[in-house]
Number of protein chains: 2
Amino acid sequence: MLRNLIFPEHVYRDGTHHTFMTEISTLGEFGLIDRLTDGITPAHASTIRGIGDDAAIIRYEKDTDTLVTTDLLLEGVHFDLTYVPLKHLGYKAAVVNFSDIYAMNGTPRQITVSLGISARFTVEHIEELYAGIRLACSQYNVDIVGGDTTASRQGLVISITCLGDAPADRIVKRSGARPTDLICVSGDLGAAYMGLQLLEREKVASAGQKDFRPDFAGKEYLIERQLKPEARRDIVKELADNNIVPTSMIDISDGLSSELLHICKASHTGCRVYEDRIPIDYQTAVMAEELNMNLVTAALNGGEDYELLFTVPLADHERVEKMKGVRVIGYITEADKGCALVARDGGTELPLRAQGFNPLAEEDDNNGDNGADRQK
Amino acid sequence: MLRNLIFPEHVYRDGTHHTFMTEISTLGEFGLIDRLTDGITPAHASTIRGIGDDAAIIRYEKDTDTLVTTDLLLEGVHFDLTYVPLKHLGYKAAVVNFSDIYAMNGTPRQITVSLGISARFTVEHIEELYAGIRLACSQYNVDIVGGDTTASRQGLVISITCLGDAPADRIVKRSGARPTDLICVSGDLGAAYMGLQLLEREKVASAGQKDFRPDFAGKEYLIERQLKPEARRDIVKELADNNIVPTSMIDISDGLSSELLHICKASHTGCRVYEDRIPIDYQTAVMAEELNMNLVTAALNGGEDYELLFTVPLADHERVEKMKGVRVIGYITEADKGCALVARDGGTELPLRAQGFNPLAEEDDNNGDNGADRQK
């Protein structure tokens, strides 16, 4: 049976006592899908046909581009069910895909959800996972239009593909940044990574203890950033309201350094980012202090922030400065200047390196399981 | 290291001796993706932007519907690398998705490919897999537009999502069958299942033998149907050429019985299928005899045929009779007549049951690993 050490029950706030007892084999594949997808009805006019055929049917207008992105999440690599509640996992698995569509300046519309389920999961477990996916879809106004559900020999497999759209003339790629463009970032960075460190610490502390209660007091923001991230739909709307079309954009899943390098590589440019301009929350700083970790490294390389990183022409300076929750952190240079962080002292330049989570690199305990789900 | 018992080397016919030695960690995620996707350029005008951003960009014309389907394939559940060569696996993983798009009377256009890769695979292994995917895409004129690549704790994970399109007024769903419609099937059934039985038999026979040579003489068709299935693009074209729009259509992945029940459930009808009309190849019959298995059961429930099952109005009788490789096997009835097989004696009616592969049912050794990848 699946055990969740850190969140024994209290995440389920509807007062019911979940039993998680129905063997999936009693329903079979189609029975399980019927149960999971019961009551799902398309919200979008573009969803002509959702679940229930060989393929979903989607109809877009002319001059509208379809966007497609996909993420594969594997138990033991991208998530640890010891402290990640299934409902949160489902929510996050959906939201990280929406984030990729927003990062193109688009709107997510439909997802397909494929699940590989090992024998230790019951129908109720998968319903919890699906409840999180459905909640995310409801909050972001996205239709679930299909998927595939199968057995897995070991662990949970989640593969979500998201379709979205955008007017063809407003799509923002990674490749459009130009020298003198301003580099902007939404929200704050490093909190999700610190949340992961905190959860890992409590997991270790809980080992062998029967009635362990994790201590998250004063660090709720970090936990929320790790377990229930949001995609920055609001920023995409704000950009449109202010009539700003970024020259390039990407969402921060692997860490600011890695994403900046992606933009600069695709745009054939360099960049300068100011250490003292990187937005960091108070709780993130306290936690870094407590764990004796380098705060800027966490903010640069921690990943899973799902904030938007984008560039705008210098002429848009005043307009982006007025945007709530957006900060200008540097500027784009010619390629031969390279990519560097300008240290707090104002003079020292440190070359930016992609140290974000790399699930295919040698094992590195300092990296943690903070997920790499870059569409490429 | 990965071993392939049944096909030690001879599947690689370019004369080179593959060494499969490059550790994936030496390239990292982005290095591996660069290597795998090197030289991939979009063939479709609708592919505005493929690999290399948060999401791919696709543009369709008005009055054209977008189709989306997805399949999740897990090692140990859907395939056994003891006898499935990686290149064949890649080919099949792509083709089964195309088959779902053809089953909607559509044309596959783009796929995303997500891979979970455990430590025993090298770069060359994944290149072999990808070579099969690329070959399938080249043969079926489909663009690879993105994906996600990550580590896996155990075994290979393949998740492919396929987009396609069709004129809105020519899409064929499962739900349009009407009483008196003729039930038609392309090709022949049961061969892929018999191929699987043969491969499993040779796997058992090979156990512990160093220089084992499998005996496939006279059974090449069965092996090909199992390891390198094709999607029936030709049938979709023939239907269009003959100006036939089926009233319902589905591809046969789980077995004829299961698919017929899907059509009848979605269309609120019953059906009668004649045992002596079910198309079965000579090699399939010989193999069933050799293994002392029921031939009709294999054809009804074996699965993985990837043939098209469709219904047409009675008025199209002459036109479908003229179609090469298509056979009329029965007719649609009112729902209250139920779904039944009319036995060879012409009188006995046996209720149709879905006995196809169910990866989420209790283990059943008679079912085998013949894959369930129904979009739902």
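Trainee: How many residue pairs are in polar contact across the interface of chain B and chain A?
Mentor: Happy to start there. This is a predicted model, so local features need pLDDT of at least 70, side-chain atom pairs count only at pLDDT 80 or more, and totals for chains, interfaces and linings use all residues. Residues are numbered from 1 along each chain as its sequence is written, chains are lettered from A in the order in which they are written, and side-chain values use heavy atoms, without hydrogens and water. With a polar contact taken as a pair of N or O atoms within 3.5 Å, one able to donate a hydrogen and the other to accept it, residues adjacent in sequence counting only if both atoms are side-chain atoms, the number of residue pairs, both at pLDDT 80 or more, is eight.

Trainee: Which strand gives the largest share of the side of chain B that touches chain A?
Mentor: Strands here are DSSP runs of E, at least two residues, and helices are runs of H or I, at least four, numbered from the N terminus. The largest share is 10 residues, and these come from residues 64-74 of chain B, strand E3.

Trainee: What is the area buried between chain B and chain A?
Mentor: Buried area is the accessible area (1.4 Å probe) that two parts lose on being put together, summed over both. Carbon and sulfur atoms give 55% of it here. The total is about 6600 Å².

Trainee: How many salt bridges are counted between chain B and chain A?
Mentor: The rule asks for a side-chain nitrogen of Lys or Arg within 4 Å of a carboxyl oxygen of Asp or Glu. Between these two chains, the count is zero.

Trainee: Is Ser175(A) buried, partly exposed or exposed?
Mentor: Ser175(A) sits in the loop between strand E6 (157-167) and strand E7 (182-186) of chain A. Buried means under 20% relative accessible area and exposed over 50%, with partly exposed in between (1.4 Å probe, protein chains only). Its relative accessibility is 25%, so Ser175(A) counts as partly exposed.
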